[in-house]
Amino acid sequence: MAADLSQLVKAYDVRGVVPDQWDETLAELFGAAFVRVTDASAIVIGHDMRPSSPGLSRAFARGAATQGVDVTEIGLCSTDQLYYASGALNLPGAMFTASHNPAQYNGIKMCRAGAAPVGQDTGLAEIRELVEGWSESGAPAPTARTGVITQRDTLEDYAAHLRSLVDLTSIRPLKVVVDAGNGMGGHTVPTVLAGLPLDVVPMYFELDGTFPNHEANPLDPANIVDLQKRVREESADLGIAFDGDADRCFVVDENGGPVSPSAITALVASRELAKHGGKGTVIHNLITSWSVPEVVKENGGTPVRTRVGHSFIKAEMATTGAIFGGEHSAHYYFKDFWNADTGMLAALHVLAALGGQDGPLSGLVAQYDRYAGSGEINSTVADQAGRLAAIKSAYEAREGVELDELDGLTVTAADWWFNVRPSNTEPLLRLNAEARDEATMAKVRDEALAIIRG
């Protein structure tokens with residue numbers, strides 16, 4: 001019987017519990033399917049520190065090699081290090097990681113040559129179809145030539161590339177606490193930041209895919225408590241937390257206060273626009289703060305609004321030739337990095353901006369953090385479409401209110417906006433609200449939640 005991959009193959013990647021939902025046998029089929037769909041003659045593969053990652057990664061390599069494709073294994077790496085390898089070597093790539101998910105999970109993030117994304121509409125559906133068919137009929141026949149599997153270390157080259165994009169050599173000395181969450185930041189940070197005028201205080205740099213200290217998801221306030229405390233104890237200038245595969249970074253200021261990813265997006269956008277002579281397109285998704293398009297326009301750029309999700313951001317960056325893009329989830333995308341997301345490069349921009357002036361980080365980011373936001377609030381609902389229709393009905397006749405359905409439902413007034421969108425994988429509706437002041441935001445948030453929760 002064919003394997004049912006409906007719970008394993010997501011919108012942008014493969015992700016599930018090992019060995020319950022997938023194992024090395026399936027990984028080998030994914031390797032063969034990946035090279036068929038990308039029509040690759042060679043690929044590059046990396047993996048994170050999860051206990052199951054080396055075995056799954058090697059199985060994928062075997063599957064690719066049976067189809068005559070040469071494989072370069074770069075071993076332990078962050079997801080953006082794999083994107084670097086895909087871009088620099090101009091090869092399709094596969095990264096074995098489940099990001100911030102618990103230890104029993106693993107997954108594959110795949111890209112075409114030059115780090116171009118592979119999602120449902122760009123090859124992932126075809127990969128799933130092949131794997132499901134082969135799981136029933138048997139693995140595809142090997143080609144006459146078996147591909148060669150070789151190893152290559154790209155860490156130093158990756159670090160050098162990032163440092164070539166942001167000059168930190170002349171900043172004032174900074175003390176920075178870095179929480180790697182026992183994830184891949186513990187592998188990349190020491191090399192990327194080596195030799196810079198930084199006093200780095202490491203937290204949880206030991207690679208451990210069981211995440212013994214806290215979940216490696218810095219967007220959950222519970223997971224940055226240790227970092228906030230350490231920043232205050234050390235009288236540090238700032239703190240940086242990475243997620244499990246170190247493609248996202250989250251920043252806290254000198255007081256341990258969380259800095260909104262929208263503020264980081266606006267800050268980096270202003271720097272990238274300055275680098276490009278005050279011209280360029282900047283992508284932001286529809287639940288980033290109003291601050292982002294405002295700052296982009298103030299700095300001479302053109303803001304472009306997209307749906308939530310990295311495949312939409314990357315596609316829009318390619319279409320528009322955008323120089324930068326940012327999301328509320330702390331994913332940051334750079335033209336200079338093959339339009340791929342890299343938390344490390346965003347972190348370097350923050351360090352350069354802070355170290356290039358004398359004030360504290362809280363003062364620096366205040367100019368980019370102008371509104372009161374709710375953060376993302378999830379509600380479990382039985383009927384997503386019905387609840388969205390109820391919200392539309394409640395607001396569509398109101399004077400001075402505009403509705404759009406680019407992604408879920410966005411309701412916008414002169415002083416506030418909110419967006420409600422369904423989860424692709426769970427019976428949830430996600431609410432994000434923002435207003436010009438805290439009281440208005442709370443009123444708008446609570447009114448929307450009352451309808452969502454019926």
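This is a predicted model: local features need pLDDT of at least 70, side-chain atom pairs count only at pLDDT 80 or more; totals for chains, interfaces and linings use all residues.
Let's start with the strands. Strand β8 (residues 174–179) lines up with strand β9 (residues 198–203) in the parallel sense, and six bridges hold the pairing. If you want a spot to look at, find Val177: its bridge partner in β9 is Val201.

Next, jump to helix α8 (residues 261–275) and helix α9 (residues 291–298). Their axes come within 9 Å and cross at roughly 15 degrees. That angle is under 35 degrees, so α8 counts as roughly parallel to α9. The crossing of α8 past α9 is right-handed. Who touches whom? On the α8 side you'll find Ser262, Thr265, Ala266, Ala269, Ser270 and Leu273, and they meet Val292, Val295 and Val296 in α9. Sorted by class, the residues of this contact are six nonpolar and three polar, with no charged ones.

Finally, take a look at helix α3 (residues 79–89) and helix α5 (residues 155–165). The axes here come within 10 Å, and they cross at roughly 90 degrees. An angle from 65 to 115 degrees counts as roughly perpendicular, which means α3 is roughly perpendicular to α5. Asp80, Gln81 and Tyr84 are the α3 residues in this contact, and they meet Leu155, Asp157, Tyr158 and His161 of α5. The class count for α3 with α5 is three nonpolar, two polar and two charged residues.

Key: Residues are numbered from 1 along each chain as its sequence is written. Side-chain values use heavy atoms; hydrogens and water are left out. Axes are lines fitted to C-alpha atoms, for helices over the stretch in contact, and angles run from 0 to 180 degrees between N-to-C directions. Helices (H or I, at least four residues) and strands (E, at least two) are DSSP runs, numbered from the N terminus. Angles under 35 degrees count as roughly parallel, over 145 as roughly antiparallel, 65 to 115 as roughly perpendicular and the rest as oblique. A crossing is left-handed if the near helix is turned anticlockwise from the far one by less than a right angle, and right-handed if clockwise. Contact means heavy atoms within 4.5 Å. Ala, Val, Leu, Ile, Met, Phe, Trp, Tyr, Cys and Pro count as nonpolar, Asp, Glu, Lys and Arg as charged, and the others, Gly among them, as polar. Two strands pair if DSSP finds at least two bridges between them.
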